Amino acid sequence: MLEKIILKNFQRHEHFELCLDPHVTVITGASNRGKSSVFRAFRWISLNQTPRGVNYSRRKQENGCEVGLILDKGIEIKRIKSKTKNEYILNKSKYEVPGNNRPPEDIAKVLNVSSLNFSKQIDGPLWFTLTPGQVSKELPAIR
């Protein structure tokens, strides 16, 4: 279970930590304060999909940006991107970033999420806005 997400130099956040409740966590705030960037960061680390149309690094500098996840049982996952690094870290094991828009297999197994676990702000309810043909294409993504 996901316990905490940590952002460093990711979009609006110089340093941000969010402890997640095991039942419900609500993120509120005024417009343009970084609420959506928390979800973009989680999608980036979980699916290895760079946020499109936005600069995900807070500053263009050597430090780059980092997103970390703390899971139960002492599992820690990090995704680091800078001028000199582009890697995942699972506990103390380092992994190169694959170019196929997927995280390394070991990390994908630990997280056990897919694009079906994510929706965007204006997406309709899951599958209710899709045609039957589109739904049948989405079904294989369920594990």
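**Close-up 1. N48 in the loop between α1 and β3.** In this predicted model, N48 sits in the loop that runs between α1 (35–47) and β3 (65–71). With a relative accessibility of 4%, N48 counts as buried. Look for a polar atom of the N48 side chain at 3.2 Å from the backbone oxygen of R102. R102 is also one of the residues that N48 touches, and others among them are R43, R79, Y88, V97, P98, N101 and P103, leaving aside residues up to four places away in sequence.

**Close-up 2. Positive phi at N48 and K73.** Most residues other than glycine have a negative phi. Here, N48 has a phi near 55 degrees, a positive value in a residue other than glycine. K73 has a positive phi too, near 65 degrees. K73 is found in the loop between β3 and β4 (76–81). The accessibility of the two can be set side by side: N48 is buried at 4%, whereas K73 is exposed at 78%.

**Close-up 3. The aromatic pair of F10 and W44.** One aromatic pair turns up in a search of the whole structure. Its partners are F10 and W44, in a tilted arrangement with 5.7 Å from centre to centre and 35 degrees between the planes. The pair ties together distant parts of the chain, since F10 belongs to strand β1 (residues 2–10) and W44 to helix α1, 34 residues apart. F10 has a relative accessible area of 0%, so F10 is buried. W44 is buried as well, also at 0%.

**Close-up 4. The salt bridge of E17 and K4.** The whole structure holds four salt bridges. In one of them, E17 pairs with K4, and the closest N and O atoms are 3.2 Å apart. This pair links distant parts of the chain: E17 lies in strand β2 (residues 13–19) and K4 in strand β1, 13 residues apart. E17 is partly exposed, at 40% relative accessibility, and K4 is partly exposed at 22%.

**Close-up 5. K78 and its salt-bridge partners.** The side chains of K78 and E66 meet in a salt bridge, at 3.8 Å from N to O. That bridge joins distant parts of the chain, with E66 in strand β3 and K78 in strand β4, twelve residues apart. K78 forms a salt bridge with E76 as well, where the closest N and O atoms are 3.8 Å apart. Through shared partners, salt bridges connect K8, E66, E76 and K78 into one network.

Definitions and conventions. Residues are numbered from 1 along each chain as its sequence is written. This is a predicted model: local features need pLDDT of at least 70, side-chain atom pairs count only at pLDDT 80 or more; totals for chains, interfaces and linings use all residues. Side-chain values use heavy atoms; hydrogens and water are left out. Helices (H or I, at least four residues) and strands (E, at least two) are DSSP runs, numbered from the N terminus. Buried means under 20% relative accessible area, exposed over 50%, partly exposed in between (1.4 Å probe, protein chains only). A polar contact is a pair of N or O atoms within 3.5 Å; within protein, one must be able to donate a hydrogen and the other to accept it, and residues adjacent in sequence count only if both atoms are side-chain atoms. Contact means heavy atoms within 4.5 Å. Rings of Phe, Tyr and Trp (its six-membered ring) pair if their centres lie within 6.5 Å; planes under 30 degrees apart count as stacked, over 60 as edge-to-face and the rest as tilted.
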